[in-house]
Amino acid sequence: MILHTAPAYTISNENQRWATQVVPNVKSVLTVAGSGDQALFYKLSGAKIIDTFDINNNARVIQDIKCAAIKHLKISEYKDLLTKLHNANARDMIDVPEMHYILQFLPKESSDIIKQNNFACNCGLNIDFYPENIPTETEFETLKNMLDKSFSFIWTDLGALGTQLTRKYDLINISNIFDYISNGQTQMDILNELSKHLNKNGHIVHLPQKHRYSYKKLELPHLVYEKTLIYDKLRKIILFQKTK
């Protein structure tokens, strides 16, 4: 089911600075939009092509907001904006001063959602809990010079994603979506379909939080389990790799 108005995350609860650098030399990426931090940190890591997807259309909105805010605000104003948005309800979004200013720079789809009072981003915790996902001053200025438009976005659930792709990628980031897909065969079907949209030796990145399955004996025609990377006891990354 596609979600129209579910609140987005203000900030990622995954360590994006770490997660976006575990596979080096990635030039083309397809990633969940999430809080928008995923695409931003892939940009900082050197990816040239970054497409995004999400089941929640408000993930597109927060992603567009962050792109416009980085381009047109100071870093202190950016942080203030995210804090205010996390604490605001949908009817008050447009009255947040920084939002009122950057609204003119948003794609029409996102500005319309905000104007219709359909946007909220109070899911999860506020930005103070995840400082690793706030760009440093240097990173902020780098992004300001790099961003010329919002990232492309596909509004879809993970199961239908493969039917909407038109290119191949070095890396596909599915975040922790498998935590919400309890059927193992469904997961295998999704991995098999997504593997068709990977370049040779490309990777699928899964960041589980519920730690439900072991994938070490994965057997798919073009995809194998590669390894698990551990950041701390709560955060890890499972890497799958395309073999041929």
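This is a predicted model: local features need pLDDT of at least 70, side-chain atom pairs count only at pLDDT 80 or more; totals for chains, interfaces and linings use all residues.
Trainee: Why are α3 and α4 called roughly antiparallel to each other?

Mentor: Helix α3 (residues 57-72) and helix α4 (residues 75-87) pack at an angle of about 155°, with their axes 10 Å apart. Angles over 145 degrees count as roughly antiparallel, and α3 and α4 are therefore given that description. The crossing in which α3 passes α4 is right-handed.

Trainee: What makes a set of residues a nonpolar core, and which residues have the most contacts inside the largest one?

Mentor: The members must be buried residues of the nonpolar kinds that the definition names, joined through side-chain atoms within 4.5 Å. The largest such core has 49 residues, and those with the most contacts inside it are Ile-65, Leu-81, Ile-114 and Phe-119. Among the elements that give two or more residues to this core are α1 (16-19), α2 (37-45), α7 (137-146) and β7 (235-242), and its largest share, seven residues, comes from α3. Another core, of 24 residues, lies apart from it, and includes Leu-161, Ile-190, Leu-220 and Leu-223.

Trainee: Which residues does Phe-119 touch, not counting residues up to four places away in sequence?

Mentor: With those sequence neighbours left out, Phe-119 touches Asn-58, Val-61, Ile-62, Ile-65, Ala-90, Met-93, Ile-113 and Ile-114.

Trainee: Why does Asn-117 count as partly exposed?

Mentor: Asn-117, which is found in the loop between α6 and α7, has a relative accessibility of 35%. Buried means under 20% and exposed means over 50%, with partly exposed in between, so the value of 35% places Asn-117 in the partly exposed class. Asn-117 also has a positive phi of about 60°, although it is not a glycine.

Trainee: How do you know whether Ser-175 is buried or exposed?

Mentor: The relative accessible area of Ser-175 is 6%, and the limit for buried is under 20%, so Ser-175 is classed as buried. Ser-175 lies in the loop between β4 (169-173) and α9 (184-195), and has a positive phi of about 50° although it is not a glycine.

Technical notes:
Residues are numbered from 1 along each chain as its sequence is written. Side-chain values use heavy atoms; hydrogens and water are left out. Axes are lines fitted to C-alpha atoms, for helices over the stretch in contact, and angles run from 0 to 180 degrees between N-to-C directions. Helices (H or I, at least four residues) and strands (E, at least two) are DSSP runs, numbered from the N terminus. Angles under 35 degrees count as roughly parallel, over 145 as roughly antiparallel, 65 to 115 as roughly perpendicular and the rest as oblique. A crossing is left-handed if the near helix is turned anticlockwise from the far one by less than a right angle, and right-handed if clockwise. Buried means under 20% relative accessible area, exposed over 50%, partly exposed in between (1.4 Å probe, protein chains only). Contact means heavy atoms within 4.5 Å.
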